2 protein chains.
Amino acid sequence: MTITCDMSISVDGFAAGPEQSLEHPFGRGPGERLHDAIHRSRSAEPEAHAGEYARLKRAAAFVMGRNMFDPGRGPHDPAWQGWWGDEPPYGAPVFVLTHHERAPLTLGATTFTFVTEGFDAALARAQAAAGGGDVAIAGGAATVNQALRAGAIDELHLHVLPCVLGEGERLFDGVGSLDLEQRGAPAGTALGTHLTYAIHR
Amino acid sequence: MTITCDMSISVDGFAAGPEQSLEHPFGRGPGERLHDAIHRSRSAEPEAHAGEYARLKRAAAFVMGRNMFDPGRGPHDPAWQGWWGDEPPYGAPVFVLTHHERAPLTLGATTFTFVTEGFDAALARAQAAAGGGDVAIAGGAATVNQALRAGAIDELHLHVLPCVLGEGERLFDGVGSLDLEQRGAPAGTALGTHLTYAIHR
């Protein structure tokens, strides 16, 4: 059982710009550069990047940060069902970190379960639900950084897009110093670089 | 005439750890991870990375930050002649930013000229000395960030090493948001990734 994580980041390491909201899930201003760069790589060269982006959705269970499901600031709107429509691409149990109780939400093959007991509890539930399969930390950066601080990620897949944000939510923030083992040569094209790192606990 | 810059950075964007000194030019603690990773890529796979690292020294003139020549905190020790011995690898005029007057220092084919009038003056002198050839910003990160803020770099070559520092001197710090144009696919091996970006002024 491997705990994986895929993150799309700017060259300066941001996973989103400032002021994320339902209207601007990657944040305003600089975040739009990252959003546009991700979209450009996916749409201009689908074959070059599709395998990388598809892996994001291949785990047997997921842990998702609250901002990834709903970047609003207040309690979840109980009518909010995520960004993904009737058939979210996860197709597996997703454990969403939150401070607010909410009944599970099933959409297509995906069930979102809202966990108020913190990251460790959400990870334990995802591991149980995965039944020996891989668990993915689905983001956002704050949750990934929490997982990195806890030493809970085995394999980190970074997708580096050609832009600099300068502000926003930064991957590795507060994580400290780590030795990484890069798995294989970098892949990708001029529209995006794919790097795989093993993190030894 | 192109203004270029080569920087070796950790995955989280640091060019050096904290507390740089003559004894620890990459800083103490986490900086040693970066130093070791650079050394590993150069020594284990010289052919895979030599072309990339050699380009650092190919400009017709250089601008160098004070910390790159001498990371001590006080005035330059007039006896200090840099890290490079009798034949520094630049083989060209190098304009060193400093707050302290010092007579030019010639070692082999390299002449270090100490400039107290700031970055713009050093860049203008390097451009004049390059006679139409390329000028390279030789680092460290503070000087590169100053050059990026001034819109003075055309081509940025990043060498991304498999480590996370968590603290130190960060590339892109205070530079703001930029669109980059990546030139070609990423190159390199599991020991280091080479990325080339054009920056449009």
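Which strand of chain A pairs with β11(B), and in which sense, parallel or antiparallel? In this predicted model, the partner is strand β9 of chain A, residues 163-164, which pairs with β11(B) in the antiparallel sense over two bridges. One of the residue pairs can be named, for Val164(A) has Leu178(B) in β11(B) as its bridge partner.

That pairing belongs to a contact between the chains to which chain B gives 30 residues and chain A gives 30 residues. The size of an interface is often given as the accessible area lost when the parts come together. Here, chain B and chain A bury about 2500 Å² between them, with 54% of this area on carbon and sulfur atoms.

On the side of chain B that touches chain A, at least two residues each come from α1, β8 (155-161), β9 (163-164), β11 (178-182), β12 (187-189) and β13 (192-199). Sorted by class, this side of chain B holds 17 nonpolar, nine polar and four charged residues.

Helix α1 of chain B, residues 30-44, also packs within its own chain against helix α2, residues 46-55, at an angle of about 115 degrees and with the axes 6 Å apart. From α1(B), Ile38(B), Ser41(B), Arg42(B), Ser43(B) and Ala44(B) meet Pro46(B), His49(B) and Tyr53(B) of α2(B), a contact made up of four nonpolar, three polar and one charged residues.

Terms used. Residues numbered from 1 in each chain as written. Chains lettered and ligands numbered in written order. Predicted model: local features only at pLDDT ≥ 70, side-chain atom pairs only at ≥ 80, totals over all residues. Heavy atoms only, no water. Axes fitted to C-alpha atoms, helices over the stretch in contact; angles between N-to-C directions. Helix = DSSP H or I, 4+ residues; strand = E, 2+ residues; numbered from the N terminus. Contact = heavy atoms within 4.5 Å. Nonpolar A, V, L, I, M, F, W, Y, C, P; charged D, E, K, R; others polar. Buried area = accessible area lost by both parts, 1.4 Å probe. Pairing = 2+ DSSP bridges.
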